[in-house]
Amino acid sequence: MTEQRRIKVSVEVRSGSARANRKRESVLRRDLRWELARYAGLSASTSATPDGASNNQTANRSGTRTMMNLTQDRIAANKIMALAALLVALMAAMLLAANPSYAAGTTFTVNSTADTQELTPGLTGDVITLRDAIARANSNANPSEVDRINFDIPGAGVHTISPGSPLPPISEPVVINGYSQPGSSVNTLARGTNAKLLVQIDGTNAGRDSASGGLTINASNTVVKGLVINRVTNSPGIEIAPGAFGEVVRNVRIEGNFIGTDPSGTLARGNGLAGVDLFAVSESIVGGSSRAARNLISGNNFDGVFIDGGAAADVGAAENNQIRGNLIGIQKDGIKPLGNGAPGVTVFEDSSGKANGNFILSNSIFSNKGIGIDLDDDGSTANDAGDTDTGSNNLQNKPSLGSAKNVSGKTTVRGSLSSRPGATYTIQFFSNPSGTGQGRTFLGQKSGLNVDGSGKGTFTFSPSSKVAAGQTITATATNEFTGDTSEFSAAKGVVTG
Ligand SMILES: [Ca+2]
Ligand SMILES: [Ca+2]
Ligand SMILES: [Ca+2]
Ligand SMILES: [Ca+2]
C-alpha cells in the first residue's frame, strides 16, 4: 500500500503546473503519513485491549455469566498480565545488568564513492560507502547515541557519490561531516562563502518523491555538514521529517553545505523540489550564527527552504526553527544571482499542522522566483491592523519603510511597524540592487523595538557603511518573544538627501 501511495504521489506530482503540483504534493504527503500513522495506531489499539474484548465476547456467548464473574475474570486476567509485565521487567533488568548501556557513538569513515552495501561489514580491507555508513549507523542498536560518518576518500579533488536509488533514511542520530574529507575547509568570509567542499552527492538517480530527499533525516540530533547535494530528481536536496510512524524530530542542524549548486557554488544543479524541506520538524537550524555554518542554497527547482507544518498525525507542527545566515538564491560570492524556482524561504501551515515561531534571520536572499520570504505560500501577504491574524509565522506583519536617504556619507532609514500592541521586535535591514526587493545584503538590525498600545512602533536605522543611491532597502520584523519573522517589506529606493 505504501509503495502504491508513493507511486500515486509521484504520478500526480508530475502532472499540472509546478506551483499546483507543490500544493498537491504537500497534501498527498500528509495523506500518506497520516495513513501510516493511523495504521500504526490501529495495530497498537487492537493489541492493547485484549482482555476487555475477549471477556465481553465470552459473556455474550454464555449468556448466563454475571457481572461478578466478569469482574473476577478481569481481575484474574489483570493478575496474569501484571505477572507477565513483572517477568518482562525482570528479564529487561537482567539484560541491562549484562549490557548496562547502549553501544557508544561509533564513527564510520566512508572511503569509497561506490554505491554498494556490504552484506558482511567489518572485514579486513573494509570498503565503506556512504550507503553502508548510513545503514550501519542506523542499525548499531544505539538509538540515543550520536554516531559519526566521516570521509577519507583517496585522491585529490571533488569526490562524487552517485546513488543509484534513494539512500537509506537516517533513523538514528548521526553527524555526517563532509569537512572530515582531507583538503576541505569551512567558510571564513563575512560575505559569501569560500567553503571548500570535496564530497558531492549527485542525486540524479537518488530521488523518489516528496517524502524522501537526497538525504532523508528521520532522527533528532542529526547534523549534516560540508556536503554538496544536487540534482536529486523529484525530491528535495535534504528532507527532514518524522519517520513513517510519526516520531518527533527535533534539533537537526544543516550547516556549511552547498545545496542545488555545483561544488564551485556558481552553477545551478537544482534538486527536484526544495533545497531543504522541514516537514513537521521543530527546533532545528539551517545555517547558524557562525560563518562556518553558512549554507549555500541556490539553483533548486522549487523553494530554497520550505517549512511545512505537516499533518496532525505527525505531531503536527514545524515550530521554533531557525533559518539563519545562509545564502539563498545567490552565488557563493554573495553578490551574483543564481535563483531558486520558488521563494527563498516559504513557511506553510494549514489547520492540521502549525508552523509558527520560525526565525528567518541574517540571510542573503536574492533572485528567487516570486518573493524572498513567503508566509502561507501564497505570494505577498498584506498587513492587518493589530496583527491579530494567524497562519504561518502568525502572519507576522512586515515593516513599512518611509524613507532611505543619504546625507553626509551616511544612509538613514526611517520606518514603522504596525503589529501586536505591547510586543517587542527585531527589525533587520537589507540592501538590494536597483529594482529588486528581496534581501541580498544584510546591513544590520535594530533590536528591542516596542510597539505601543495603539499597535505602532517607529524606528530609525543607519548601517555602518553607506548604501549607494539607487539601491533599495528592505526590512523584516521578528517578534522577539514568539520568534515569528515577517515577509520582506516593500523595497524603498535610496535617494540622496
Ligand atoms: Ca546508531
Ligand atoms: Ca504570503
Ligand atoms: Ca498579520
Ligand atoms: Ca498575525
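Biologist: What should I know before reading the model?
Modeller: Residues are numbered from 1 along each chain as its sequence is written, while chains are lettered from A and ligands numbered from 1 in the order in which they are written. The model is predicted, so local features need pLDDT of at least 70, side-chain atom pairs count only at pLDDT 80 or more, and totals for chains, interfaces and linings use all residues.

Biologist: In what order do the six strands of the open sheet lie?
Modeller: Strands are DSSP runs (E, at least two residues), numbered from the N terminus. Two of them pair if DSSP finds at least two bridges between them. Here the order is 6-9-12-15-18-21, with parallel pairing. Strand 6 (215-217) and strand 21 (373-375) each have a single partner strand, so one side of each lacks a neighbour in the sheet.

Biologist: Which bridges join strand 15 to strand 18?
Modeller: Four bridges link residues 305-308 to residues 345-348. Among them, Asp 308 has Phe 348 as its bridge partner.

Biologist: Is strand 27 buried or exposed?
Modeller: A residue is buried if 20 or more other C-beta atoms, placed from the backbone, lie within 10 Å of its own. In a regular strand the side chains alternate between the two faces of the sheet. In strand 27 (residues 472-479), eight of the eight residues are buried, so the rest of the structure largely encloses it. Thr 472, Thr 474, Thr 476 and Thr 478 cover one side. Ile 473, Ala 475, Ala 477 and Asn 479 lie on the other.

Biologist: What does strand 27 pair with?
Modeller: Strand 24 (residues 424-432) pairs with strand 27 in the antiparallel sense over eight bridges. There, Thr 426 partners Thr 478. Strand 28 (residues 492-493) also runs antiparallel to strand 27, joined by two bridges. Thr 472 has Gly 493 as its bridge partner.

How values were computed:
A residue is buried if 20 or more other C-beta atoms lie within 10 Å of its own, exposed if 12 or fewer, and partly exposed in between; C-beta atoms are placed from the backbone.
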